[in-house]
Amino acid sequence: LPNLMQNLADSRVEGVLTVLDDSGNSTASITLFDGMMIDAKYRELEGETAIYQLLERPILGRFIFLNQPVEGGQDGGRPSGKAVMSLLMEGMRRYDEFNRAAAVIPDNARFVATGKQPTGLPDEDDADFVNGIWVKATQGVSPREIEHEIQVDGYRVFRLFEHWMQEGALEQRSDEG
């Protein structure tokens, strides 16, 4: 997907890239205009978050690109969007960090608080988000369930779990093996 998106962006095409799963069902769409991503949808996720999730958890399947005119922006002019290359660079950084965290945080594991005060991450400035993840984590909700429930890319959830485990504020439940 990253190579295809880069090629389409470099070609400055206009249209919709559809991602099909291995059964041929449409699972995601990315709308491109003049080398920019102007819209993306993947399950309930939209925009940049959808792109990041597609990169973090790749889908086995196929792609179809339909070269077609894209509707104009709000004023009927050129649609505005995000540079595909910058999305890919950030997405691949997240992919690496997500995989590092996922190597120690199983998707469906349950966790408990150790009693040590958790801290946030320096680049995660949404305190409500962090606190909400902490509450769910200590209630035994798995990282994968949280990812689906709050409709966010897995990177943001899994790296918090990894951080809290490393600092000793969270541990996997003993009945989880």
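This is a predicted model: local features need pLDDT of at least 70, side-chain atom pairs count only at pLDDT 80 or more; totals for chains, interfaces and linings use all residues.
Residues are numbered from 1 along each chain as its sequence is written, and side-chain values use heavy atoms, with hydrogens and water left out.

Let me start with the overall picture. The protein chain contains six helices and eight strands, where helices (H or I, at least four residues) and strands (E, at least two) are DSSP runs numbered from the N terminus. Read from the N terminus, the order of elements is α-β-β-β-β-α-β-β-α-β-α-α-α-β, and the C-alpha trace spans about 55 × 35 × 25 Å along its principal axes. Of the 177 residues, 40% are buried, and buried here means under 20% relative accessible area, with exposed over 50% and partly exposed in between, for a 1.4 Å probe and protein chains only. Taking contact to mean heavy atoms within 4.5 Å, residues 24 or more positions apart account for 70% of the contacts with a separation of 6 or more.

Now to the interior. A nonpolar core is a set of buried Ala, Val, Leu, Ile, Met, Phe, Trp, Tyr and Cys residues joined through side-chain atoms within 4.5 Å, and the largest one has 22 residues, with Ile133, Val157, Leu160, Phe161, Trp164 and Leu170 having the most contacts inside it. Helices H3 (84-102), H4 (127-138) and H6 (154-167) each supply at least two residues of this core, and the largest share, six residues, comes from H6. A second, separate core of 21 residues includes Leu17, Val19, Ala40 and Tyr52. Tyr52 is also one of the buried residues of H2, a helix (residues 47-56) that is largely enclosed by the rest of the structure, because eight of its ten residues are buried.

How do H1 (residues 2-10) and H3 cross? Their axes, which are lines fitted to C-alpha atoms over the stretch in contact, with angles from 0 to 180 degrees between N-to-C directions, come within 9 Å and cross at roughly 165 degrees. That makes H1 roughly antiparallel to H3, since angles over 145 degrees count as roughly antiparallel, under 35 as roughly parallel, 65 to 115 as roughly perpendicular and the rest as oblique. Pro2, Met5, Gln6 and Ala9 of H1 make the contact with Val84, Met85, Leu88 and Met92 of H3.

For H3 and H6, the axes come within 9 Å and cross at roughly 40 degrees. That makes H3 oblique to H6. On the H3 side the contact involves residues including Arg93, Arg94 and Glu97, and on the H6 side residues including Tyr155, Arg156 and Glu162.

Finally, two loop residues deserve a look at the backbone. Arg43, in the loop between strands E3 (36-42) and E4 (45-46), has a phi near 55 degrees, a positive value in a residue other than glycine, and Arg43 counts as exposed at 52% relative accessibility. Gln151, in the loop between H5 (143-149) and H6, likewise has a positive phi near 55 degrees, and Gln151 is partly exposed, with a relative accessible area of 42%.
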